[in-house]
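Let's walk through a protein model together, one step at a time. Please have the sequence and the 3D view open as you read.

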Amino acid sequence: MTNLFTNIQDSLRGNEKTIILPEGTDARVLEAASRLQAEGLVKPILLGDESGVTQAANAAAIDITGVTIIDPKKASYFEELAEKFVERRNGKATLEQAREQLKDVNYFGTMLIFTGRADGLVSGAVHSTADTVRPALQIIKTKPGISRTSGAFIMMKGEERLVFADCAITVAPTAQELAEIAVASAKTAQSFGIDPRVAMLSFSTKGSAVTPETEKVAEAVAIAQELAPDLPLDGEFQFDAAYVPEISAKKAPGSIIQGNANVFVFPSLEAGNIGYKLTERLGGYEAIGPILQGLNAPVNDLSRGCSADDVYKLALITAAQSL
């Protein structure tokens, strides 16, 4: 267990959070729930038909003794959730549509958070990113000043911890959205013990190339500096100028970021997604995430190729986000 997760575990002692795991019959999710329950730092709630969840656990020889299982269709407060869903959707759903929608475990789980019955949700072992994110955007919604959510990865190798964003959600962010992503990513870094130093990335460093793409990043830097004037943040940077002090001294000698950035904001989803996977596969870093940023309560998305350990770790991160 890395120091990151040791620190998270320490922060959760005496601050147990309830985390919804909607995919209650998946063996990886069941294994993670068993581990979380045994440690007592996070209270896992599995969603699904109770007999189906129990049978899946028995088939995989996983002990889920003590783990709460909720069948959405049998919940005594189902009708209450449906009514609150209609109210939250503000005319965009009828009561009948709400009842049908809440049969979906991700919608039901998100409503448990909205009504204060849980602190966070982790899904995506079976469901797509859209299946996980859509209910959160419709029900929990983004924080004031954040126009849309974004997805960050914590990249870990030895004692080094970096934050990469947006690697999961926003395909072609505007300058305003890039600025919001930068500020949100800095807050994500802080929540996991990283003192953020933010670099806004491009294929240009401080005007070495001038195109609409580089000018958008430069504009985002200016907006982000207004949003968070005390945050060490600068750009636009090529990656080497943000990460290597000797190169920064040559390419951006007057910058507050002197090759010591640890939060990297990519100019597009394709760049971010390619960047984190190259760093993971060629650089040997462990990629934790995506961690969804900017929501009023934590909802996080797994890869469908995740392991039980991935589910466990993301549940701990989600719990830590709700502290």
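Which side chain does a polar contact of 2.8 Å join to that of Gln-138? The partner is the side chain of Tyr-107. A polar contact here is a pair of N or O atoms within 3.5 Å; within protein, one must be able to donate a hydrogen and the other to accept it, and residues adjacent in sequence count only if both atoms are side-chain atoms.

Before going further, a word on the ground rules. This is a predicted model, where local features need pLDDT of at least 70 and side-chain atom pairs count only at pLDDT 80 or more, while totals for chains, interfaces and linings use all residues. Residues are numbered from 1 along each chain as its sequence is written, and side-chain values use heavy atoms, leaving out hydrogens and water.

Back to Gln-138, which is found in helix α7. Helices are DSSP runs of H or I with at least four residues, numbered from the N terminus. Gln-138 counts as buried because its relative accessibility is 18%; buried means under 20% relative accessible area, exposed over 50%, and partly exposed in between, using a 1.4 Å probe and protein chains only. Not counting residues up to four places away in sequence, Gln-138 touches Arg-88, Arg-89 and Tyr-107, where contact means heavy atoms within 4.5 Å.

Now look at how whole helices meet. The axes of α4 (residues 78-89) and α7 (residues 129-140) come within 9 Å and cross at roughly 75°, so α4 is roughly perpendicular to α7. Axes are lines fitted to C-alpha atoms, for helices over the stretch in contact, and angles run from 0 to 180 degrees between N-to-C directions. Angles under 35 degrees count as roughly parallel, over 145 as roughly antiparallel, 65 to 115 as roughly perpendicular and the rest as oblique. Phe-85, Arg-88 and Arg-89 of α4 make this contact with Gln-138, Ile-139 and Ile-140 of α7.

Another pair to find is α2 (residues 27-39) and α13 (residues 308-321), whose axes come within 8 Å and cross at roughly 50°. That angle is why α2 is oblique to α13.

Finally, visit Arg-99 in helix α5 (residues 95-101). Is Arg-99 buried or partly exposed? With 26% relative accessibility, Arg-99 counts as partly exposed. The side chain of Arg-99 makes a polar contact of 3.3 Å with the side chain of Glu-96. Arg-99 also touches Phe-78, Glu-79 and Ala-82, not counting residues up to four places away in sequence.

Conventions
Helices (H or I, at least four residues) and strands (E, at least two) are DSSP runs, numbered from the N terminus.
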